[in-house]
Amino acid sequence: MEILKLKNVVKIYKLAGGGTFEALKNINATFSTGELVSIVGESGSGKSTLMNLIGGLDSDFEGEISYRGKNLRDYTAQELADYHKKSIGFIFQNFNLIPHLNLIDNVALAMTLSNIDKETRVKRAKELLEKVGLKDHLYKKPGQISGGQKQRVAIARALINDPDVIIADEPTGALDAETTDNVLALIKEIAQSGKLVLMVTHSDRVAAHCTRVLRIDNGKLVSDEVTGKLEPLATKVKYNAIKVKNMSLFNAIRLAFLNMKAKLGRNTLVAFGTSIGIMAVVLMLSIGRGVTTYIKDTMNSYTDPNVTEVHRQSMMPDPAKQPAMDDHAEISRIQQNNMAALTGSGTDNDFTTKDITKLKAIKHVDRLERGYSTLSLGTNSVSYGDKNAMIMTLQTMSSNITKSSIVSGNAPKKDEVLLDKGTADLLAKNIVGKEVTFKLTIDGKQIEQKLKVSGTYEQQGSNFSTAIVRYSDLKDIFAQNGQTLKPNVVYLYTKNKNNTEKIKNEVKKLGFSGSMQETMTEMFTQMMDVISYVLAAIAAVSLVVSAIMILVVLNISVVERTKEIGVLKALGARRKDIRRIFVSEAFLIGLSSGMLGVVLTWVLQVLVNHFTIAQFEVPVVMMTTNYILTGIMISVVISMLAGLLPADRASKLDPVEALRKE
Ligand code: ADP
Ligand code: MG
């Protein structure tokens, strides 16, 4: 059956210098299945050029090469890929097996590219390897077998998709006489099984086995003679027709993985290099979190989680409200305000009945306590016997003062006072239960009041000398001196502490402010966030280095694997498939570096925390799932970006040039 027709085929190479070279001149020939054609001619006469044109590796020619009636030049990229997979089988002089794949994978490659399932693939590869006498070497790599065996693997590979045409470019050129006969017998059998075999050869002895000899000289077909006839095989094996599809992503990743495994040492080093950058980023984020968590916990550990402290205005001066430098009146006014806010004096800090109603109405608030707190320097003091101590903070009792902070005695009852431990110790050893005298300045007026010490307490983070009385008592003291006590702090109590956060947010929405500690914690947290992000960003710079490293390594890989890429293309790999294989490799490097980076961070976390817990009783590094995922994602994205360029380069390699490469 006529299958291939060449009509006035001309191939002109464009030379780098600008000239042209006519490698094939007006070739005409027709080929049928069952023929074993040898193409002979001197070196440089154009034999390989012709084979590359027929094999669809080079579509840049004039004239017509029709396979089953359709000119190859008119094939789309997809049709050409399918033509390589399904219709043509290549056998090369230098075998061109892929070194990191075992014989089965090498033989099955065209099926892998055609997305044939693994079972079918392996079964067929085994059959073919058995047929070429390599049953005992299925799992060897090409480097572990002899030249003759390699060529037999290559023959098996060419046959895997049961193509109609086998193109063999000097298949015995690299073999000794004995193995040549061996390989020739196999090739003859292929033709007998009903395929067209086109075989380039130098040797007349080889040509003598063929049914037809084409002689090429200087690009011209000088003779074309039939020299014999082959007996078709009596029993032709009929294979199930396979349907070629495009390679799946999974198979691309698998091929990439097999290659990476072959270069494990190099890839491990690259992954290790990249992982250090990832580790730095994740570590910085985790330390930032560890430190802020520590600060927050310390700040919050001595307050009741069910209570929300509310102030009418922030105790922190607002940096955004800085007046002009020469507006002295405004500067003074703001200073007064700041002072008033800090000391808790001044009407701006007093809650109105309307404020109280608003706060009470907040959802989940079960109880509202009024409170008063004032900061003074030298105007308030307490004395016992001949001992005297300044009181810096005078405040009212609230739920916010937890039982655990009271070191001795009890919370104040009527006409009692709770003192901070420092001040209490200053006055007497066992002051609890004793009566002390308070000197207070209320609205410029000095008053004296006797109160019994109910207990002492200690508050972390505050060494202020503090006296705590009940709100109702303070109200009475004020009233006795002709003043009305207005609350300047309010405590909102909720039964379920999970609601506290919501209440705090609502309070802010209404325009009120939280406790001094909260404000400070917030400021600190914001600062730490900024610092840890900046540090992480600096660490990320090292990732640029990693990206360049991956780029270089993949580029080297492309150069090393030029021939392999040529083979893949000859077997029907599309540009997209090649690109995918290389991008998959970058993906795998990125994934393993990311995971390695996370593991390294984790190890550091264990070590660092072990040390800080021993020293300060707190862990400083706090990794979260989010940071882990971020680290891995950054690594994968960077690697894949770095892989795009080499992958593109690989996909664009010209198969003819790639195969020609030594
Ligand atoms: P053969 O396989 O018969 O030894 P080739 O087909 O490889 O010969 O080459 C035929 C002629 O075309 C040679 O003269 C060779 O130098 C020339 N040639 C092959 N490839 C190129 C190319 N890419 N650019 C220019 N000339 C080429
Ligand atoms: Mg050649």
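**Reading helix packing, strand pairing and annotated spans**

Guide: Helix 3 and helix 4 are oblique to each other in this predicted model.

Visitor: How is such a packing of two helices described?

Guide: Two packed helices are characterised by the angle between their axes together with the distance between those axes. Here, helix 3 spans residues 103-113 and helix 4 spans residues 118-131; their axes come within 9 Å and cross at roughly 125°. Because angles of 65 to 115 degrees count as roughly perpendicular and those over 145 as roughly antiparallel, the pair is classed as oblique.

Visitor: Is the crossing of helix 3 and helix 4 left-handed or right-handed, and which residues meet there?

Guide: The crossing is right-handed. From helix 3, L103, I104, V107, A108, M111 and T112 take part, and they meet T120, R121, V122, R124, A125, K126, L128 and L129 of helix 4. Sorted by class, this contact comprises nine nonpolar, two polar and three charged residues.

Visitor: What holds the strands of a sheet in pairs?

Guide: Strands of a sheet pair through backbone hydrogen bonds, in either a parallel or an antiparallel arrangement. One case here is an open sheet of three strands in the order 11-22-12, with antiparallel pairing. Strand 11 (307-311) and strand 12 (367-371) are its edge strands, each pairing on one side only. On average, neighbouring strands of this sheet are turned by 25° against each other, direction ignored.

Visitor: Over how many bridges do strand 12 and strand 22 pair, and which helix packs on the sheet?

Guide: Strand 12 and strand 22 (residues 489-493) pair in the antiparallel sense over five bridges; G371 has V489 in strand 22 as its bridge partner. Helix 11 (residues 353-360) packs on the sheet and touches strand 11, strand 12 and strand 22, its direction making about 145° with that of strand 12.

Visitor: Where does a residue take a positive phi in the hairpin of strand 1 and strand 2?

Guide: Strand 1 (residues 2-14) and strand 2 (residues 20-32) pair in the antiparallel sense over nine bridges, and L4 has F31 in strand 2 as its bridge partner. Five residues lie between the strands of this hairpin, where G18 takes a positive phi near 115°.

Visitor: Which residues does UniProt place in the feature "transmembrane region"?

Guide: The unreviewed UniProt entry places that feature at residues 269-288, 530-559, 580-604 and 624-645. In the model, residues 580-604 are 100% helix and 0% strand, with end C-alpha atoms 35 Å apart. Residues 624-645 are 95% helix and 0% strand, and their end C-alpha atoms lie 33 Å apart.

Terms used:
Residues numbered from 1 in each chain as written. Chains lettered and ligands numbered in written order. Predicted model: local features only at pLDDT ≥ 70, side-chain atom pairs only at ≥ 80, totals over all residues. Heavy atoms only, no water. Axes fitted to C-alpha atoms, helices over the stretch in contact; angles between N-to-C directions. Helix = DSSP H or I, 4+ residues; strand = E, 2+ residues; numbered from the N terminus. Parallel < 35°, antiparallel > 145°, perpendicular 65-115°, else oblique. Left-handed = near helix turned anticlockwise from the far one by under 90°. Contact = heavy atoms within 4.5 Å. Nonpolar A, V, L, I, M, F, W, Y, C, P; charged D, E, K, R; others polar. Pairing = 2+ DSSP bridges. UniProt positions renumbered as here; feature names shortened; annotations may be inferred.
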